[in-house]
Amino acid sequence: MEIKLFGSFRKYGNGEFIEIAINDTITIARLKELFIKKIIEIEGSFNEEAIVDASAFAVNDEIVADNYQIKNNDILAILPPVCGG
């Protein structure tokens, strides 16, 4: 499954997305855990788990809650929090 990257997350993966293997349906909360694990694999010094927790996930262009069940064919994006204007 590909997760589109925006904002500060673009420095990970290939700059556009990170690929995470999932077997079946999982929740956004579980996906956040897998996302953090994948970033740590890419950059061992990653220590910004709070930013992932504060980020929104969009599934098929719609913001969803942590209990939302995603499927392999969903289109995902992680939207980090921003400050300012």
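Trainee: Is K32 buried or exposed?
Mentor: K32 counts as buried, at 6% relative accessibility. Buried means under 20% relative accessible area, exposed over 50%, and partly exposed in between, with a 1.4 Å probe and protein chains only. Keep in mind that this is a predicted model: local features need pLDDT of at least 70, side-chain atom pairs count only at pLDDT 80 or more, and totals for chains, interfaces and linings use all residues. Residues are numbered from 1 along each chain as its sequence is written, and side-chain values use heavy atoms, with hydrogens and water left out.

Trainee: Where does K32 lie?
Mentor: In helix 1. Helices (H or I, at least four residues) and strands (E, at least two) are DSSP runs, numbered from the N terminus.

Trainee: And what does K32 touch?
Mentor: V52, D53, S55, F57 and D66, leaving aside residues up to four places away in sequence. A contact means heavy atoms within 4.5 Å. A polar atom of the K32 side chain also lies 3.2 Å from the backbone oxygen of D53.

Trainee: Now the core. Which residues touch the most other members?
Mentor: L31 and F35, in the largest nonpolar core, which has 23 residues. Such a core is a set of buried Ala, Val, Leu, Ile, Met, Phe, Trp, Tyr and Cys residues joined through side-chain atoms within 4.5 Å.

Trainee: Which element gives the largest share of this core?
Mentor: Helix 1, with 6 residues. Strand 1 (2-5), helix 1 (28-42), strand 4 and strand 7 (76-79) each supply at least two.

Trainee: What does L31 touch?
Mentor: I3, I20, I26, F57, I70 and L76, again not counting residues up to four places away in sequence.

Trainee: Switching topic. What is the phi of N60?
Mentor: Positive, about 55 degrees, although N60 is not a glycine. N60 sits in the loop between strand 4 (56-59) and strand 5 (62-64). It is partly exposed, with a relative accessible area of 40%.

Trainee: What about D61?
Mentor: D61 is not a glycine either, and has a positive phi of about 70 degrees. D61 is also in the loop between strand 4 and strand 5. At 81% relative accessibility, D61 counts as exposed.

Trainee: Last one. How many helices and strands are there in the chain?
Mentor: The protein chain has 2 helices and 7 strands. From the N terminus on, they run β-β-β-α-α-β-β-β-β. Of its 85 residues, 35% count as buried.

Definitions and conventions. A polar contact is a pair of N or O atoms within 3.5 Å; within protein, one must be able to donate a hydrogen and the other to accept it, and residues adjacent in sequence count only if both atoms are side-chain atoms.
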